[in-house]
Amino acid sequence: MIDSQTRAELEEIAARYPQKRSGLLPMLHLVQSVEGQITPAGIETCAEILDISAAEVSGVATFYTMYKRRPVGDYHVGVCTNTLCAIMGGDLIFERLKDHLDVGNDETTDDGKVTLEHVECNAACDYAPVVMVNWEFMDNQTPESAAQLVDDLRAGKEVTSTRGPRIVTWREAERVLAGFPDDLADDGPAAGPASLVGLQIARQNGWTAPGVSTGSTTGQREDDQ
Amino acid sequence: MTDVLTPVLTDNWDADRAWTLSSYESRGGYAALRTALTMSPDDVIAAVKDSGLRGRGGAGFPTGMKWSFIPQDNPNPKYLVVNADESEPGTCKDIPLMMASPHTLVEGVIISSFAIRANKAFIYVRGEVLHVVRRLQRAVQEAYLAGHLGSNIHGSGYDLDLVVHAGAGAYICGEETALLDSLEGRRGQPRLRPPFPAVAGLYASPTVINNVESIASVPSIIANGADWFSSMGTEKSKGYGIFSLSGHVNKPGQYEAPLGITLRQLIDLAGGMRNGHQLKFWTPGGSSTPLLNSEHLDVPLDFEAVGEAGSMLGTRALQIFDETTCVVRAVLRWTEFYKHESCGKCTPCREGTWWLTQTLARLEKGQGSEEDLELLLDQCDNILGRAFCALGDGATSPITSSIKYFRADYLAHLEQGGCPFDPMASTVFAVEGASA
């Protein structure tokens, strides 16, 4: 059941775009934040707002891996098992978590807390092996740290991303992806350690772009140098 | 002589609260925008053309030339779309850039949109990076409040609206025409070209699609001039770029250098291969670029030289593997990825990636025969160049290149009836002498 407030927000998303159908992906994120998964009611509502058939909306919802047709736990734990992370330990982390949580791929623990899935490359290869919790980075994991991580999540302890804020619930995360910010943008660092290694070496050696002073945003030259 | 590393895009990443507008502006941010607004749009395009900037998303097409293809006499609105769907395995440069300094991208978007006369721009960011989405949303909000976005920007008479749009998990949406279909609220499937997006892109209107790093490079070109940019790099591959080292080096991470640096130099900067180990194979620019080996340590990492070495510069995603790594396991996993991510539109890719996976999986288990290697090459031959987009082509790259350089690894699986490598030995938490 999609209530009137959600319906209004879905319409608000559609209105961001020159053609309203462009709003469908963020609209489906919002459906997930409200319903906990993609539901027939959510599909019908999106179809009505966009003047397209429910089949067309379903066709989109089934194409993208972030849209779930089964209930997702409070915490979606994604273990990268693409090649680089797999080789660096991701495969062993995934095996350990399946065993530790007693679930298979894309399954949820009995307490409804954790949904485990292996995910594809999440653009953090310099922090391998990587685990994502509700699409926040948990960098440089081991089987032990990952087991501790899911234990903490299930116990309701506050968990903080290694490069971001405290982990919000999956439904709260989906709302941000729908384009409704949660005011946590200022939490966490600008960059993790691996993002800065090259910059630090350049600083130590006094290396810069030609004629550029250290620390300017667009590499502007300094006249007084 | 240019320095070994040339931080420009990464230069403010260590600043306090680098992602905020105040931090960005305190270091000269948005000065390039004010400069651009005093120029004619055509002069901005000319500056980017003259700089020699080539697309940083992998293909290396000249950015300024792409912009000049927009037919200004077309009555439809023009659009700028930033491809922030960074998903190519190994590629991890745009995500840290947008997390640390989203305003670099936003400033680039405004200047670039001004150049092509777009009044609406989109950043299509993959959905699986929540905090990056937050930082982009905040940066756009701050830019509106500061008058860098909206109507009559800084009294110039120029209007621009910018929407941050989160995707929903599909590698194929990094392909520019699939991205457009996705941004139109459809399944992300590539379009047949022509017409090219410059003529009929988003909503069948003239559209420029550029990678994050390409657009983020634009403010520095406007601030310092085309000659400054082209003073870095090599003859046909100008400027600087972020090189992303991952895998078995002591210090994986981001290294911003002029194009043309070599892997030997980069591994040296990264503290060498992890202790006691040797380089076995690497990708120059993500999994879709053919594997290279230790013979290629001194290849200049620019578009031309990597091409001559039989691979592609791609996204400068240097995934580095040492001798503990099973190349068959690595290639099988990439192939499973392409199978999973094939959008299903073209038969050679949709069916072919399934056949490749089956053949490879059999070999990896030590079953099958040496003839299966020829079968794999034949399957690749039936995929390469036979689909709408490059996903299928990319799926063949690791296979053909690994058979070329590491046939012995495949044969060892057949001889031993299984994988001869210990999967524990390649991990970051490997302990000497332990096994999985």
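How do the residues of the lining of the second largest pocket divide into nonpolar, polar and charged?

## Basis of the description

This is a predicted model, in which local features need pLDDT of at least 70 and side-chain atom pairs count only at pLDDT 80 or more, while totals for chains, interfaces and linings use all residues. Residues are numbered from 1 along each chain as its sequence is written, chains are lettered from A and ligands numbered from 1 in the order in which they are written, and side-chain values use heavy atoms, with hydrogens and water left out.

## The second largest pocket

The lining of the second largest pocket comprises 15 nonpolar, 14 polar and 15 charged residues. In this classification Ala, Val, Leu, Ile, Met, Phe, Trp, Tyr, Cys and Pro count as nonpolar, Asp, Glu, Lys and Arg as charged, and the others, Gly among them, as polar. The pocket has a volume of about 930 Å³. A pocket is found on a 1 Å grid over the protein atoms alone, as an open set of points with protein on both sides within 12 Å along at least five of seven lines; a cavity is a set where a 1.4 Å probe fits but cannot get out, and lining residues have an atom within 4 Å of a point. Grid points are joined across faces, edges and corners, and a volume is the space filled by probe spheres set on the points.

Both chains contribute to the 44 lining residues, of which A:Tyr64, A:Thr65, A:Lys68, A:Glu117 and B:His340 lie nearest the centre of the pocket. Two or more residues each come from strands E2 (107-108) and E3 (114-119) of chain A and from helix H14 (327-341) of chain B. Helices (H or I, at least four residues) and strands (E, at least two) are DSSP runs, numbered from the N terminus. The most is given by H14(B), with six residues.

## Packing of H14(B) on H15(B)

Two packed helices are described by the angle between their axes and the distance between the axes. H14(B) packs against helix H15 (residues 347-364) of chain B at an angle of about 155°, the axes lying 9 Å apart. H14(B) is therefore roughly antiparallel to H15(B). Axes are lines fitted to C-alpha atoms, for helices over the stretch in contact, with angles running from 0 to 180 degrees between N-to-C directions. Angles under 35 degrees count as roughly parallel, over 145 as roughly antiparallel, 65 to 115 as roughly perpendicular and the rest as oblique.

The crossing of H14(B) and H15(B) is left-handed, a term used if the near helix is turned anticlockwise from the far one by less than a right angle, right-handed being the clockwise case. Residues in contact (heavy atoms within 4.5 Å) include B:Val328, B:Leu332 and B:Tyr338 of H14(B), and B:Trp354, B:Leu356 and B:Leu360 of H15(B). The contact has eight nonpolar, three polar and four charged residues.

## Helix H7 of chain B and its partners

Helix H7 (residues 130-145) of chain B meets helix H7 (residues 170-177) of chain A, with axes that come within 10 Å and cross at roughly 40°. H7(A) is therefore oblique to H7(B), and their crossing is left-handed. A:Ala173, A:Val176 and A:Leu177 are in contact with B:Leu130, B:Val133, B:Arg134 and B:Gln137.

Within chain B, the axes of H6(B) and H7(B) come within 9 Å and cross at roughly 55°. These two helices are therefore oblique to each other, and their crossing is right-handed. Among the residues that meet are B:Pro102 and B:Leu105 in H6(B), and B:Leu136 and B:Ala139 in H7(B).

## Cavities

The whole structure holds two cavities of 30 Å³ or more.

Of its 13 lining residues, A:Cys80, A:Cys85, A:Cys121, A:Asn122 and A:Cys125 are closest to the centre. This lining has nine nonpolar, four polar and no charged residues.

## Backbone features

The peptide bond from A:Ala128 to A:Pro129 is cis, with omega near -5°, and A:Pro129 belongs to the loop between E3 and strand E4 (131-133) of chain A. A cis bond also joins B:Pro194 to B:Pro195, with omega near 5°.
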